[in-house]
Amino acid sequence: MSAFEIGAGRLEELLRGQEPRTQAEVRQVALFAELRGGALHAPDALRSRVLASAPAARRSFALRRPPRRLVLVAVPLALAAAVAAAVVHGIVGSGSGRADRAALQANLRLPRSVGKHAAAEASAPKALHGGGSSSSNGDFSTAASGSLEQSLNDKLTPVGPIPSTNRLVHADARLSVQEDSASALSSATSRATQIVGSLGGYSQSVQYSTAHDGSASAFLDLRVPVGSVQKAVNRLSGLGALLNEQTSTQDLEQQLTQQTNQIIGLRRTIAAYEQALQDPSLPAAQRVILQVRLSNARRSLTQIRRSRSGTISSAATADVSLTLTTKHGAAAIRQKRGRLGRMFHGAVGFLGIEGIVVLYALVVLSPFIVLGGLGWALWRERRRREERRLLAA
Amino acid sequence: MRYVHALPASLEPPRQMGAPAFADVVAEHLDPVYRYLVYLTGDRTAAEDLAAETFEKAFRTWRRFDPRRGAPRTWLCRIAHSAAVDWFRAEARRQRREDAYARDAAEVEESVFADGLSPALEHALRTLTPAEREVVALRVLLELDGPAAARVLGISATAVSTRLGRALKRLEEEMADVGV
């Protein structure tokens with residue numbers, strides 16, 4: 001009976017020092033004793049060598065940083081940075097809220113005589129004073145009744161920036177209005193067309209659609225004379241519950257001036273070419289060149305004139321996009337949250353975006369990670385096999 | 001006989017919670033690690049080099065040593081095992097390069113594994129493979145338990161037990177052949 005037949009459990013017991021019971025166990029224990037009894041100590045030279053090498057090792061240790069600790073620090077730091085960025089975004093994005101609402105209410109409630117200058121300065125300083133473009137955006141839920149519509153039509157100042165009559169301005173307005181039912185939406189669509197027509201404008205396009213669940217929506221692309229745009233916006237916003245309103249203006253004065261200057265310059269050039277061509281002593285080759293240049297200049301003049309006409313006509317009418325809907329999905333974006341709520345909402349949204357970015361990066365990197373992991377596992381298995389082969393030889 | 005040398009204070013890296021001083025570790029574990037390496041390599045000269053390398057590596061990574069995860073001896077044996085495998089790899093490469101390769105010095109030496117062993121046991125140990133000698137050294141000489149030996153070898157505790165049984169069986173058979 002050899003060690004292999006003693007059994008693993010019993011062998012463990014013998015290794016722990018239990019008394020042998022059989023002859024085989026006695027032999028086994030004697031073997032252990034002989035193995036353990038052999039004297040073998042590390043030579044003094046080795047001991048000195050170990051002690052001597054320790055300081056050198058210590059010096060190199062100072063340059064190393066344990067990677068596990070770095071990971072332990074870097075991961076929480078990255079998470080903290082992500083959360084901090086989200087909180088900052090939430091704080092910055094939340095705004096005061098009060099100022100926006102006050103301006104909106106001032107625009108909606110103040111009589112024209114009182115609120116005109118204040119509202120115009122608050123909402124459209126650039127359009128009125130400096131050129132360029134400006135826009136205002138109001139998201140709110142207002143149950144617009146018939147009286148409110150009348151009130152808007154008669155008394156209220158416009159919500160968005162007012163196109164100046166002194167300068168050439170292109171105005172753009174987008175409105176979303178919710179109706180109670182599909183039939184109300186249908187009549188509101190007709191009413192919107194009538195409103196625009198009565199103001200001298202027209203409907204560029206009307207799309208009307210209904211769904212099986214009874215909801216309906218209509219998208220109207222309207223053109224309104226610039227002088228009547230504020231009236232149109234006021235009337236259209238009173239067709240139902242106003243969900244969203246965006247108005248923007250773009251100053252075209254500079255563009256028009258540029259085009260006018262180009263036209264003047266081209267006219268002078270053309271006159272110069274024509275005068276030169278009248279000279280009989282002009283060599284034939286130069287005459288041909290001048291004729292080509294004259295032709296090009298005339299073509300350019302035609303194009304710029306057309307562009308200038310387009311600029312002027314663009315300033316003459318305003319684009320109004322009206323969306324009428326009954327869907328609950330397009331419910332009013334309520335501003336009932338406090339600043340803290342908006343901050344939290346903004347932070348959560350930002351964290352969501354961060355999550356999406358991380359997820360996207362993971363999706364992109366995952367094949368490489370999997371391949372790397374597979375390669376590493378194969379390399380490790382190969383090393384193990386090699387190790388087993390080396391130690392079994 | 002036991003060699004106990006006190007390391008100068010400058011050689012002691014800052015110890016972490018519950019970790020012994022490196023000087024104490026050297027004093028306590030140099031002999032067992034050296035014996036383990038002699039059994040594994042069957043070459044005292046190589047074992048000396050590897051032991052020095054082991055303790056140098058251990059000193060470098062001493063701050064990372066966590067006594068809650070294992071005893072210092074297990075940790076040192078794991079480093080020694082890794083160093084020895086690299087040595088075997090280098091030896092195999094050298095063997096492939098050189099046609100006439102033999103560890104004659106080790107073969108002719110009277111006692112490689114320890115002083116005072118019987119010639120039969122010495123001979124029997126030489127016939128074992130390094131892997132078999134290694135498990136004998138870990139379990140019998142260094143008296144590591146099954147899980148600790150398994151951590152050093154990178155195999156399961158059951159595999160350690162099986163390997164040990166086979167090694168002891170071969171040891172007995174070889175000794176019987178010699179006539180003990």
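Student: What makes the crossing of H10(A) and H11(A) left-handed or right-handed?
Tutor: Bearing in mind that this is a predicted model, H10(A) passes H11(A) in a right-handed crossing; the term right-handed applies because the near helix is turned clockwise from the far one by less than a right angle.

Student: Why is H10(A) called roughly antiparallel to H11(A)?
Tutor: The axes of helix H10 (residues 182-198) and helix H11 (residues 229-237) of chain A come within 10 Å and cross at roughly 160 degrees. Angles over 145 degrees count as roughly antiparallel, and therefore H10(A) is roughly antiparallel to H11(A).

Student: Which residues of H10(A) and H11(A) meet, and how do they divide by class?
Tutor: From H10(A) come A:Ala192, A:Ile195 and A:Val196, and these meet A:Ala232, A:Arg235 and A:Leu236 of H11(A). The residues of this contact divide into 5 nonpolar, no polar and 1 charged; Arg counts as charged, so A:Arg235 is the charged one.

Student: How do you know whether H1(B) and H6(B) are roughly parallel or roughly antiparallel?
Tutor: In chain B, the axes of helix H1 (residues 22-41) and helix H6 (residues 130-141) come within 7 Å and cross at roughly 155 degrees. With the cut-off at over 145 degrees, H1(B) and H6(B) are therefore roughly antiparallel to each other, and their crossing is right-handed.

Student: What residues make the contact of H1(B) with H6(B)?
Tutor: H1(B) brings B:Arg35, B:Tyr36, B:Tyr39, B:Leu40 and B:Thr41, while among those from H6(B) are B:Pro130, B:Arg133, B:Glu134 and B:Leu141.

Student: How many residues of each chain take part in the contact between chain A and chain B?
Tutor: The contact takes 38 residues from chain A and 48 residues from chain B. On the side of chain A that touches chain B, H4(A) gives the most, with 12 residues, and the residues of that side divide into 24 nonpolar, 7 polar and 7 charged.

Student: What share of chain A counts as buried?
Tutor: Of the 393 residues of chain A, 23% count as buried, a term that asks for 20 or more other C-beta atoms within 10 Å of the residue's own.

Terms used
Residues are numbered from 1 along each chain as its sequence is written. Chains are lettered from A and ligands numbered from 1 in the order in which they are written. This is a predicted model: local features need pLDDT of at least 70, side-chain atom pairs count only at pLDDT 80 or more; totals for chains, interfaces and linings use all residues. Two residues are in contact if their C-beta atoms, placed from the backbone, lie within 7 Å. Helices (H or I, at least four residues) and strands (E, at least two) are DSSP runs, numbered from the N terminus. A residue is buried if 20 or more other C-beta atoms lie within 10 Å of its own, exposed if 12 or fewer, and partly exposed in between; C-beta atoms are placed from the backbone. Axes are lines fitted to C-alpha atoms, for helices over the stretch in contact, and angles run from 0 to 180 degrees between N-to-C directions. Angles under 35 degrees count as roughly parallel, over 145 as roughly antiparallel, 65 to 115 as roughly perpendicular and the rest as oblique.
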